Structures are given as structure tokens and as C-alpha cells.
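Reader: Please take a close look at the disulfides of this protein and at the strands around them. I would like a connected account that says how each term is defined.

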Amino acid sequence: MKKILSISILLFLFACEDDKADETAAVNLDGTYKLSLESSECEGKLDVQYVTINGLKVSNWDYDGDDCDQGDDCYDAESFSVKKDGDGLSFSEGPDVKVAMTRNGTNGLKVSFSMGGSVVSSEIWDYESSEIKTYSPICSGD
């Protein structure tokens with residue numbers, strides 16, 4: 001009887017651990033994406049931006065020397081953590097703004113911006129690579 005009880009407890013513990021792992025597992029959106037021209041808010045000018053996703057870490061790379069920004073030959077880089085949210089990833093910007101990232105088609109990425117629970121805008125990011133790319137040089141922030 002003790003053996004059956006011990007085995008039952010072990011099975012229960014392992015079953016609970018699997019559920020916990022599923023809750024924390026990242027949605028696999030890993031890779032590099034480029035902002036589509038249609039989603040660029042720069043009056044039709046080229047706005048070169050990339051986003052890389054590596055698990056629950058997202059990095060945004062905005063090229064400052066493109067037709068839109070007309071700045072230096074460097075990338076403004078920003079990284080932040082996200083959390084699993086259904087079949088996508090999300091993070092909050094302040095108390096009312098939520099940013100959600102989900103698949104768009106087979107490989108693309110859709111980024112939706114919500115305010116007060118309602119989607120106010122969306123961006124489409126084209127699939128670039130399964131690699132987590134980095135870009136340089138990084139702008140100095142002066």
C-alpha cells in the first residue's frame with residue numbers, strides 16, 4: 001500500500017510540473033522581422049525597422065539613416081521583456097496601453113496596440129529570418 005501511495009504522489013507531482021512548464025513556455029515567434037512598408041507611418045518613405053524575438057526577449061532596431069528618419073548611419077536599439085499571452089506575446093506600456101504580438105499568416109508578425117481594451121492600431125512585420133540578428137553600429141544617444 002505504501003508503494004502505491006508513493007508512486008501516486010510522484011505521478012501527481014510530475015503531472016503538476018508539466019502544467020507549470022506549459023504555462024511559462026514561450027510562444028515560438030523567435031526570429032527577425034522587418035516592418036512592412038504598408039505599416040510605416042512615414043508618408044510612404046522607407047522606414048527601416050527590425051524586431052527580433054528570442055523567447056521572451058524582444059529587441060527593436062530602428063535605422064536612423066533611412067529616408068524617414070534622415071539621421072545618422074546607426075540603429076536606435078531597445079530591448080524589453082514580454083510575457084506569453086494566449087497564442088502570442090504581450091507587454092504593457094503604462095496602465096492603459098497593451099501591445100500584443102501574434103502570427104500573421106505563416107511567418108509574419110502582427111503587432112496590435114490596444115488602449116482601454118480596444119485595438120487602436122496594428123502593424124505588420126514581414127518575416128526576415130529564423131536567426132536572431134543584431135544590427136550595428138548602435139546610435140550613441142547624445
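Author: Cys74 and Cys139 form a disulfide, with their sulfur atoms 2.0 Å apart, where a disulfide is taken as a pair of cysteine sulfur atoms within 2.5 Å. The link of Cys74 and Cys139 is right-handed, with 95° about the S-S bond. Cys74 lies in the loop between strand 3 and strand 4, and Cys139 in the segment after strand 9 (118-129), so this pair ties together parts that are 65 residues apart in sequence. Strands here are DSSP runs of E with at least two residues, numbered from the N terminus. Both Cys74 and Cys139 are buried, a word that stands for under 20% relative accessible area, while exposed stands for over 50% and partly exposed for what is in between (1.4 Å probe, protein chains only).

The model is a predicted one, in which local features need pLDDT of at least 70 and side-chain atom pairs count only at pLDDT 80 or more, whereas totals for chains, interfaces and linings use all residues. Residues are numbered from 1 along each chain as its sequence is written, and side-chain values use heavy atoms, with hydrogens and water left out.

By the distance rule, the count comes to two disulfides. The other one joins Cys42 and Cys68, whose sulfur atoms are 2.1 Å apart. The torsion about the S-S bond of Cys42 and Cys68 is about 110°, so this disulfide is right-handed. Because Cys42 lies in the loop between strand 1 (31-35) and strand 2 (49-54), and Cys68 in the loop between strand 3 (57-63) and strand 4 (75-81), the pair ties together parts that are 26 residues apart in sequence. Cys42 is buried, with a relative accessible area of 9%, whereas Cys68 is partly exposed, with a relative accessible area of 23%. When the bonded cysteines of the protein are numbered in sequence order, the pairing reads 1-2, 3-4.

As for the strands, nine of them form an open sheet in the order 4-3-2-1-9-8-7-6-5, with antiparallel pairing; two strands pair if DSSP finds at least two bridges between them. Strand 4 and strand 5 (83-85) stand at the edges, each with a single partner strand, so one side of each is left without a neighbour in the sheet. Neighbouring strands of this sheet are turned by 30° against each other on average, direction ignored, the axes being lines fitted to C-alpha atoms. Within the sheet, strand 7 (residues 97-104) and strand 8 (residues 108-115) pair in the antiparallel sense over eight bridges, and Val99 stands opposite Phe113 in strand 8.

Conventions
Helices (H or I, at least four residues) and strands (E, at least two) are DSSP runs, numbered from the N terminus. Axes are lines fitted to C-alpha atoms, for helices over the stretch in contact, and angles run from 0 to 180 degrees between N-to-C directions.
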